[in-house]
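Me: Could you walk me through this structure before I start working with it?

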Amino acid sequence: MDQTKQEEEYGYDLFPERKPGEHKKTSIAESLFTFNHKCQVMLQFAVETSEYQLFSLFLSGCSKVFKDRHFSCEDCDGTVSGGFDAASSQIVLCQNNIHQQSHMNRVVTHELIHAFDHCRAHVDWFNNFRHLACSEIRAANLSGDCSFTNEVARFNFGFKRHHQECVRGRALRSILAVRKISRAEAEKIVDEVFDSCFNDHAPFGRIPHSKRDAKFAYRDYMNRDRYYANL
Amino acid sequence: MDRAVGEIAWRPPRACEDYWSEFRHCKSFKNWFHHYYTYGTVPSCQQWKEDYHNCREWEKHRGTEAKEALRRSEKIRVAEQRNFIPVWQLRQEPPRDWHVPLNQEKPQDS
């Protein structure tokens, strides 16, 4: 397939430092004159949080997630915060668009959910829009993207059942950002898979809204042998 | 008590304190808020309380009623977690290239 066409079709044009199949090392000049160093520092903090430690346990068959292998800080186009590149098994963090630690933590969680889906299922990222939509729904649902506080910060003042509206909207945005399809088509696909994917809470067993939810999800995970043995 | 060789005695799927802490968490304002924000309904917490009482009951008297009630309740919870048709097929093994070093990856065919 023509390289440029592939770049545009799969959203690689949003990540100009990333050509499919190539790997570029960051030069010292790039480290000095870009937000690369700040991104690396925030990433380090993010992986030291208990939520990350917990999550990396869950990563199904992929057992280990290495900061240097599976994360990459890069400049990106537009307002995109990050992405998951299935071709290289890397989580991309947009160093020019992430400026706060809380945002970094959220992006890392969001992309880890994509990584988790990649590790536990045959997700056809490039050709199956339903798969892509499903993972985006799950990532928006489970990462804290759609928390009440985050929505209020975006001036979206909804309350009753608003979480679901937010998840739908953000999943739609994510799909439209990386694939060339019409809004109507994307909405149809999101609608088709929404019920299934919104209710898939793996690996947490619940939607983690708070630290206590995360703590209890971890407890359930550590207790899983006893749990299933005594059902 | 007669037991087959190698059989492990049954015990509740969760420690009794876990049922109680889940109940308390369920009843908290934060959880009410998040539940209403997500589902537009108030959370139902009664089952956690019942499970806690059955758990304690079983600990005291080892009765089959308490045991069966607990098992039933947990089976319903598991079923609720699985109550959807997956969009994709689950893997038997993790993707082969997860740990492959980056420099070794072949360029895409053009």
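The chat below turns to a strand of chain A and then to chain B.

Reply: This is a predicted model, in which local features need pLDDT of at least 70 and side-chain atom pairs count only at pLDDT 80 or more, while totals for chains, interfaces and linings use all residues. Residues are numbered from 1 along each chain as its sequence is written, chains are lettered from A and ligands numbered from 1 in the order in which they are written, and side-chain values use heavy atoms, with hydrogens and water left out.

Me: OK, why is strand 3 of chain A largely enclosed by the rest of the structure?

Reply: Because five of the five residues in that strand, residues 90-94, are buried, where buried means under 20% relative accessible area with a 1.4 Å probe and protein chains only.

Me: And which way do its residues point?

Reply: Gln90(A), Val92(A) and Cys94(A) point one way from strand 3 of chain A, whereas Ile91(A) and Leu93(A) point the other way.

Me: Which sense does its pairing with strand 1 of chain A take, parallel or antiparallel?

Reply: Strand 1 of chain A, residues 71-74, pairs with strand 3 of chain A in the parallel sense over four bridges (pairing requires at least two DSSP bridges), and Phe71(A) stands opposite Ile91(A) there.

Me: What about strand 2 of chain A?

Reply: Strand 2 of chain A, residues 82-85, pairs with strand 3 of chain A in the antiparallel sense, again over four bridges, and Gly83(A) has Val92(A) as its bridge partner.

Me: Switching to chain B, how many helices and strands does it have?

Reply: Chain B has four helices and zero strands, these being DSSP runs of H or I with at least four residues and of E with at least two, numbered from the N terminus.

Key. Buried < 20%, exposed > 50% of the residue type's maximum accessible area, 1.4 Å probe, protein only.
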